[in-house]
Amino acid sequence: MDAIETGEYNRIALGPNAPLYAFYAERILESTGISEGVCLDVGCGGGYLGMAMAAITELDFIFLDQCEAMLGHLERNLAGQGLGGRSVILQAQVQAIPLPAGSVDLVISRGSVPFWEELPRAFTELYRILRPGGRAYIGGGLGPATMRAQVEAALRLEEPRWSKKDRGRRTPGEYEEALRTAGIPGATVSRSEIGTWIEFGKE
């Protein structure tokens with residue numbers, strides 16, 4: 001995305017889409033039970049899911065994205081939320097994460113996995129960096145039906161051009177095949193009204 005598009009995306013994420021990140025943060029906390037340690041927000045953009053998690057946990061955060069322009073927005077967003085002291089920013093690809101093995105307690109991501117290349121390699125990297133007992137919760141969606149309707153109505157009103165953008169699509173079967181290829185044990189892929197979500201952990 002160019003500078004104009006990243007600015008529009010940041011405004012949308014902090015505006016019409018903000019309820020989505022709060023909703024999914026609560027779901028992640030409920031599902032994983034992880035509220036302390038180190039959390040990696042992969043394909044973080046401006047850090048929206050991680051910031052929502054920071055509001056309800058004691059986690060420290062690593063924010064990773066390959067887009068320099070989005071990381072500029074991230075830095076400003078974190079400063080605005082007073083989260084600089086709990087955060088590290090990395091510019092990198094998910095297929096080559098510059099972190100040691102077993103260094104992260106929780107991996108999260110919303111909305112970026114449909115665009116990842118080399119999915120098996122990406123999943124292998126995420127599994128590598130998890131500590132024993134760590135969990136990954138990644139996927140995408142627009143929340144339950146009532147929330148989705150509200151968000152889409154606000155988006156059409158404020159940014160009609162973005163309401164028509166292709167958000168990227170992959171089937172659950174594609175994720176399952178990539179997880180098998182990566183040899184990730186116990187991984188699940190669920191598809192429901194709140195989106196498609198991938199979960200796995202390390203024993």
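Trainee: Is Ser103 buried or exposed?

Mentor: Ser103 is buried, since its relative accessible area is 15%, where buried means under 20%, exposed over 50% and partly exposed in between, using a 1.4 Å probe and protein chains only. This is a predicted model, in which local features need pLDDT of at least 70 and side-chain atom pairs count only at pLDDT 80 or more, while totals for chains, interfaces and linings use all residues. Residues are numbered from 1 along each chain as its sequence is written, and side-chain values use heavy atoms, with hydrogens and water left out.

Trainee: Where does Ser103 sit, and which residues is Ser103 in contact with, leaving aside neighbours within four places in sequence?

Mentor: Ser103 belongs to the loop between strand 3 (87–91) and strand 4 (104–110), with helices (H or I, at least four residues) and strands (E, at least two) taken as DSSP runs numbered from the N terminus. Beyond those neighbours, Ser103 touches Val38, Ile129 and Arg131, contact being heavy atoms within 4.5 Å.

Trainee: What does Arg131 meet in a salt bridge?

Mentor: Arg131 meets the side chain of Asp105 at 2.7 Å, N to O; a salt bridge here is a side-chain nitrogen of Lys or Arg within 4 Å of a carboxyl oxygen of Asp or Glu. Asp105 in strand 4 and Arg131 in strand 5 are 26 residues apart, so the pair links distant parts of the chain. Asp105 is buried at 17%, whereas Arg131 counts as partly exposed at 30%.

Trainee: Switching to rings, how many aromatic pairs are there?

Mentor: The structure holds nine aromatic pairs, counting rings of Phe, Tyr and Trp (its six-membered ring) whose centres lie within 6.5 Å, with planes under 30 degrees apart called stacked, over 60 edge-to-face and the rest tilted. One of them joins Tyr24 and Trp197, whose centres are 4.8 Å apart and whose planes are at 40°, so the pair is tilted. Tyr24 lies in helix 2 (residues 18–32) and Trp197 in strand 7 (residues 195–201), so this pair ties together parts that are 173 residues apart in sequence.

Trainee: And are Tyr24 and Trp197 buried or exposed?

Mentor: Tyr24 is buried with a relative accessible area of 0%, and Trp197 is buried at 2%. Trp197 also pairs with Tyr137, with centres 5.1 Å apart and planes at 40°, so that pair is tilted. Ring pairs link Phe23, Tyr24, Tyr137 and Trp197 into a cluster.
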